[in-house]
Amino acid sequence: MMNSEVVSSKKEDEKKKDSSKVYFFIIAIAALLATNIYFYVKFKTNGEKVYALTVEKENLQVQIDRIEAELDKIDVENVQLTPEMTVQKEDSRTEIAELRKKLENKSITPKDIDDAQRKINLLKKQVDNYRVDVQRLIQENQILSKQNSNLNESVVEKNKQITSLTTTNSELKEKVTTASALKVSSISINGLEVKRNGKESVEERAKRVDKLKINFTIADNSLAKSGERDIFIRIIDPQGNLVVQGDNIFLVHGEKLQYTFKHNILFTNKGEDYIVYWAAEDGFTKGAYTILLYEDNAIMGRSTVVLR
């Protein structure tokens with residue numbers, strides 16, 4: 001009887017020991033599972049956070065790219081900016097560069113992301129305002145350009161009118177000058193012989209002629225001014241040569257001409273007669289002598305005398 005009780009007691013002790021071992025293993029397994037779950041959850045959470053930060057960084061980069069593209073579009077328009085607008089544009093470029101540098105930092109935090117988003121939002125407003133100012137400036141430039149174009153057209157038209165008026169005035173002046181030029185109403189030329197006693201007589205024989213007497217009358221002209229006038233006289237000899245005494249030059253319609261001699265008269269505009277004398281240095285020869293009278297760049301009259 002005692003033996004059976006002892007055996008029974010040993011069996012119960014062994015059952016208790018086996019039960020303790022089972023509980024220990026269950027607790028150990030539970031602890032291991034809890035640890036694995038903890039680390040799994042922890043790593044999963046960290047991975048999700050890293051992924052979220054990466055997505056947010058990419059989103060911010062896209063926003064920055066759009067802002068910078070907007071600035072580039074404004075630069076392409078090649079608008080002459082005001083100094084204030086130029087400073088504003090450069091400040092925006094600097095802010096973009098700083099934001100890109102921060103987003104490239106691998107240790108960026110969610111707080112940094114939030115700060116970057118706030119700065120980007122502010123930068124968007126600045127660039128939008130900047131864009132509005134540029135568009136206003138473009139419109140103002142277009143208005144000024146149109147006004148300048150109209151002004152240039154007006155100036156061109158005025159210049160044409162001035163040129164036309166100048167041409168007309170020049171033509172009128174030329175007509176007035178032509179109309180006011182002195183003209184000879186009559187002219188006569190005679191060869192004179194001077195006697196020993198000083199008396200003069202008309203002579204046609206060349207060898208006896210001492211000088212030519214040029215007698216002319218100037219017609220009245222209401223457009224001509226009274227006063228002293230220089231009469232330029234050109235004499236063509238029987239050989240067809242201009243008789244020149246010295247380097248005498250005058251102008252006729254801008255062209256330089258030589259003259260034989262000149263004579264000063266007082267023009268009274270009363271139909272007066274004038275007499276001019278001319279003596280050839282080497283005497284006279286047979287043939288025709290042609291006399292041309294000029295005044296104020298225009299010919300007054302002409303006549304010929306024939307000596308035999």
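I began with Y294, which counts as buried because its relative accessibility is 9% and the cut-off for buried is under 20%. I note here that the model is predicted.

I then looked up where Y294 sits, and found that F232 stands opposite Y294 in β9. Strand β9 (residues 287-295) pairs in the antiparallel sense with strand β4 (residues 227-236), and I read 5 bridges for that pairing.

Next I followed these strands into their sheet, which is open and has 4 strands in the order β7-β4-β9-β10, with antiparallel pairing. At the edges I found β7 (261-267) and β10 (298-307), each with a single partner strand, so one side of each is left without a neighbour in the sheet. Neighbouring strands of this sheet are turned against each other by 25° on average, direction ignored.

I turned to the aromatic rings, for which the count comes to 7 aromatic pairs. For F250 and Y259 I noted centres 5.7 Å apart and planes at 75°, so this pair is edge-to-face, and both F250 and Y259 are buried. F250 also forms an edge-to-face pair with Y294, at 5.4 Å centre to centre and with 65° between the planes. That pair links distant parts of the chain, since F250 lies in strand β5 (residues 249-252) and Y294 in strand β9, 44 residues apart. The relative accessible area of F250 is 6%, and I recorded that F232, F250, Y259 and Y294 form one aromatic cluster.

Last, I checked K211, whose charged end sits over the ring of Y277, 4.5 Å from the ring centre.

Note on methods
Residues are numbered from 1 along each chain as its sequence is written. This is a predicted model: local features need pLDDT of at least 70, side-chain atom pairs count only at pLDDT 80 or more; totals for chains, interfaces and linings use all residues. Side-chain values use heavy atoms; hydrogens and water are left out. Two strands pair if DSSP finds at least two bridges between them. Helices (H or I, at least four residues) and strands (E, at least two) are DSSP runs, numbered from the N terminus. Axes are lines fitted to C-alpha atoms, for helices over the stretch in contact, and angles run from 0 to 180 degrees between N-to-C directions. Rings of Phe, Tyr and Trp (its six-membered ring) pair if their centres lie within 6.5 Å; planes under 30 degrees apart count as stacked, over 60 as edge-to-face and the rest as tilted. Buried means under 20% relative accessible area, exposed over 50%, partly exposed in between (1.4 Å probe, protein chains only). A charge sits over a ring if NZ of Lys or CZ of Arg is within 6 Å of the ring centre and within 35 degrees of the ring normal.
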